[in-house]
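Please open the structure in a viewer and keep a selection panel at hand. The stops below are arranged so that each selection leads to the next.

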Amino acid sequence: MNEQFHSLMTDSSRIITSIFADNPIGKLPDHLLIEIFIRVPMSEWVQLSCVKKQWANLFREECLWNAALLRNFPFAGHAKRWPGPIPRGLSKRRYTALYISKHIFSLDTALDENHEIVGHIYLFLKEQLEISIMPTPAGILHGTIIDQFIACGKTRDKAFELASQIWLSVIDNLEENEHTFLLLKRLALEEDVFLPYPYTRSQKVQWRVFEKLFTDFRDCFNHDDYYDVLACAKHKFQPIPSAWVKQPYGWMMPSIGCSSD
């Protein structure tokens, strides 16, 4: 039995095979299945949740996520709630945020419990940007992020630095589709409002928006939109890369469903 558990915990594909082979492991009670699942890499949890309805229900429940949280981030159980506009959420949200802080931003969350907030802000910003109906203006989102970091005790400089890193990471991890193209175009054309430091978005973030538009989404533009965005880039940055000025080929990229609306 011990060998079987070790095999299941180190290779989730064997878990799936055991179910279809009517292995007794598939009939274990929920609390033992949870102990197995939290030892499987998170990258394979989606696959596991698709095997059996019972398993899918486990991944929806707080019990599994709380067990995973305490196993992988044992200090999280002692962390205090923080002030500010972005809430901490339940175990699933906290586990995802801590995973992001550790694996995307390389933060040692065991040394500083405030590092968890970085993952929460990443999730907050990504979700807000992916809202298709009436998304919040970027300036308000940035201000909310700065306020959250300051409420957690970060200095103005550190809040600005972390906010910029989160913006860049979210932008780089957006899917290449029509919604992202329209989002980046809106961010590029959004008028700058004079705000005191650190409430203005960094030049690096604004540059990355234009860079992605003129590289990854170049052929999504129609004629008028391309020159509107190009004029905005020239107004904000001097000089701009010569590659940005090169006329798009064909004005359309059907493979990712871009439109000019």
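Select D172, which counts as partly exposed at 39% relative accessibility; by definition, buried means under 20% relative accessible area, exposed over 50%, and partly exposed in between, with a 1.4 Å probe and protein chains only. The model is predicted, so local features need pLDDT of at least 70 and side-chain atom pairs count only at pLDDT 80 or more, while totals for chains, interfaces and linings use all residues. Residues are numbered from 1 along each chain as its sequence is written, and side-chain values use heavy atoms, with hydrogens and water left out.

D172 forms a salt bridge with R208, and the closest N and O atoms are 2.5 Å apart; a salt bridge is a side-chain nitrogen of Lys or Arg within 4 Å of a carboxyl oxygen of Asp or Glu. The pair links distant parts of the chain, with D172 in helix 10 and R208 in helix 12 (residues 203-215), 36 residues apart. Helices are DSSP runs of H or I with at least four residues, strands are runs of E with at least two, and both are numbered from the N terminus. R208 is partly exposed, with a relative accessible area of 22%. Now include E211: D172, R208 and E211 are linked in a network of salt bridges.

**The whole chain**

Zoom out and colour by secondary structure. The protein chain has 14 helices and 0 strands. Of its 261 residues, 46% count as buried.

**Two further salt bridges**

The count of salt bridges comes to 10. Which residue forms a salt bridge with E116? Select R94: the closest N and O atoms of E116 and R94 are 2.8 Å apart. E116 lies in helix 8 (residues 116-129) and R94 in helix 7 (residues 91-103), so the pair ties together parts that are 22 residues apart in sequence. E116 counts as buried at 1% relative accessibility, and R94 is buried with a relative accessible area of 8%.

Next, select E161 and K158. Their salt bridge has its closest N and O atoms 3.6 Å apart. Both residues lie in helix 10 (residues 156-172), 3 residues apart, about one turn of the helix. E161 is partly exposed, with a relative accessible area of 37%, and K158 counts as partly exposed at 34%.

**The two faces of helix 5**

Select residues 53-60, which make up helix 5. Here W55, A56, L58 and F59 are buried. These residues cover an arc of only 155° around the axis, which puts them on the same side of helix 5; the arc is that of the directions from the helix axis to the C-beta atoms.

**Aromatic rings**

Show the side chains of Phe, Tyr and Trp. Their rings (for Trp, the six-membered ring) pair if the centres lie within 6.5 Å; planes under 30 degrees apart count as stacked, over 60 as edge-to-face and the rest as tilted. A search of the whole structure finds 22 aromatic pairs. The rings of W207 and F237 have their centres 5.1 Å apart and their planes at 80°, so this pair is edge-to-face. W207 lies in helix 12 and F237 in the loop between helix 13 (223-236) and helix 14 (242-245), so the pair ties together parts that are 30 residues apart in sequence. W207 counts as partly exposed at 26% relative accessibility, whereas F237 is buried at 6% relative accessible area.

F221 and Y226 also form an edge-to-face pair, at 5.8 Å centre to centre and with 70° between the planes. Both F221 and Y226 are buried.

**Last stop: a charge over a ring**

Finally, select R201 and W167. R201 lies over the face of W167, at 5.8 Å from the ring centre; a charge sits over a ring if NZ of Lys or CZ of Arg is within 6 Å of the ring centre and within 35 degrees of the ring normal.
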